[in-house]
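Please look over the chain shown below before reading on. The numbered points that follow take up its helices, its surface and its aromatic rings.

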Amino acid sequence: MTSAQVVLAASGGVSTGEQIAFWVLAPLALVGAFGMVLARNAVHSALWLVVTMLCLGAFYVIQSGPFIGMVQIIVYTGAIMMLFLFVLMLVGRDSSDSLIETLRGQRLAAVGLGIGFAALVGAGLARGLGSVQAVGLDEANANGNVQGIAALLFTDYVVVFELSGGLLIVATVGAMVLAHIERRKGERLTQVERMKARFAPGNDPGPKPGPGVFATSSSVTTPARLPDGTLSERSIPRILPVRELSSSETAPKGTEK
């Protein structure tokens with residue numbers, strides 16, 4: 001009996017629905033993976049990776065792993081990748097990236113690391129399909145899929161779980177440190193400098209009207225109108241220069257009730 005037959009016997013066989021889902025989603029996952037690697041635009045590469053992650057989430061659900069499938073779709077695809085995509089769109093990327101190497105030898109190092117990673121994954125698959133006896137997920141999901149994952153995560157793999165959490169925290173802090181831009185003391189504006197720039201000639205220091213307020217004039221020197229129709233000079237700040245209003249500015253704007 002081959003290793004594939006052992007896996008099928010342990011899992012109870014593959015149904016027709018699983019076969020159809022595999023032959024539909026597997027090509028999409030491969031297309032998304034190749035598109036992510038070959039895309040010149042960073043936004044397009046992220047979108048291709050989203051396609052692959054959605055297919056992987058569907059594969060997990062089909063293989064009796066609903067919890068990890070939903071985590072793959074909701075957390076990785078719906079949160080992390082969308083956040084990464086929004087950051088790329090916010091920062092802005094050109095239509096194509098530069099092919100000039102900023103670090104000498106980085107392509108050769110990337111090729112070597114890729115070959116090594118492929119060999120590591122191939123060795124793990126060969127051992128998993130050859131010498132490891134497949135028993136299926138019936139025993140692991142005896143009390144429920146979520147309960148089984150929680151029992152393994154917080155007992156046998158609790159050290160790995162804590163190390164992964166620490167690694168993510170260190171990566172987050174490192175990204176914040178690398179993205180932080182230290183400004184010189186002379187580049188920071190003081191409160192007095194901000195005030196002088198706000199009230200400089202040609203600027204409008206007054207706040208904009210709030211929502212629902214019909215502005216009859218865009219000038220902060222236009223006085224308010226009292227209930228009897230006269231103008232109130234007290235509504236004009238004393239810091240502003242006094243100027244004569246034209247007849248069109250003092251005339252009713254057609255908004256009186």
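**Notes on the model**

1. At 36% relative accessibility, Phe-161 counts as partly exposed, a class that lies between buried (under 20% relative accessible area) and exposed (over 50%), with a 1.4 Å probe and protein chains only. This is a predicted model, in which local features need pLDDT of at least 70 and side-chain atom pairs count only at pLDDT 80 or more, while totals for chains, interfaces and linings use all residues. Residues are numbered from 1 along each chain as its sequence is written, and side-chain values use heavy atoms, with hydrogens and water left out.

2. Phe-161 pairs with Phe-154 in an edge-to-face arrangement, 5.5 Å centre to centre and with 65 degrees between the planes. Rings of Phe, Tyr and Trp (its six-membered ring) are taken as a pair if their centres lie within 6.5 Å, and planes under 30 degrees apart count as stacked, over 60 as edge-to-face and the rest as tilted. Phe-154 is exposed, at a relative accessible area of 51%.

3. A search of the whole structure gives three aromatic pairs. One of them, Phe-22 with Phe-59, is tilted, at 6.2 Å centre to centre and 40 degrees between the planes. Because Phe-22 lies in helix α2 and Phe-59 in helix α3, this pair ties together parts that are 37 residues apart in sequence. Helices here are DSSP runs (H or I, at least four residues), numbered from the N terminus.

4. Ile-20, Val-24, Leu-28, Val-31, Trp-48 and Val-51 make a nonpolar surface patch of about 500 Å². Patch residues have over 30% relative accessible area and no salt bridge, and nonpolar side chains are joined within 5 Å; a salt bridge is a side-chain nitrogen of Lys or Arg within 4 Å of a carboxyl oxygen of Asp or Glu. Helix α2 (16-38) and helix α3 (42-62) each supply at least two residues of the patch, and the largest share, four residues, comes from α2.

5. An unreviewed UniProt entry lists residues 20-39, 46-62, 68-88, 108-129 and 149-179 under "transmembrane region", although such annotations may be inferred rather than shown by experiment. In the model, residues 68-88 are 100% helix and 0% strand, with the end C-alpha atoms 27 Å apart, and residues 108-129 are likewise 100% helix and 0% strand, with the end C-alpha atoms 32 Å apart.

6. How many of the 22 residues of α7 are buried? The number is zero, so α7 lies largely in the open.

Note on methods. Patches are made of residues with over 30% relative accessible area and no salt bridge: like charges are joined within 9 Å, nonpolar side chains (Val, Leu, Ile, Met, Phe, Trp, Tyr) within 5 Å. Accessible areas come from the Shrake-Rupley method with a 1.4 Å probe; for residues, only the protein chains shown count as cover.
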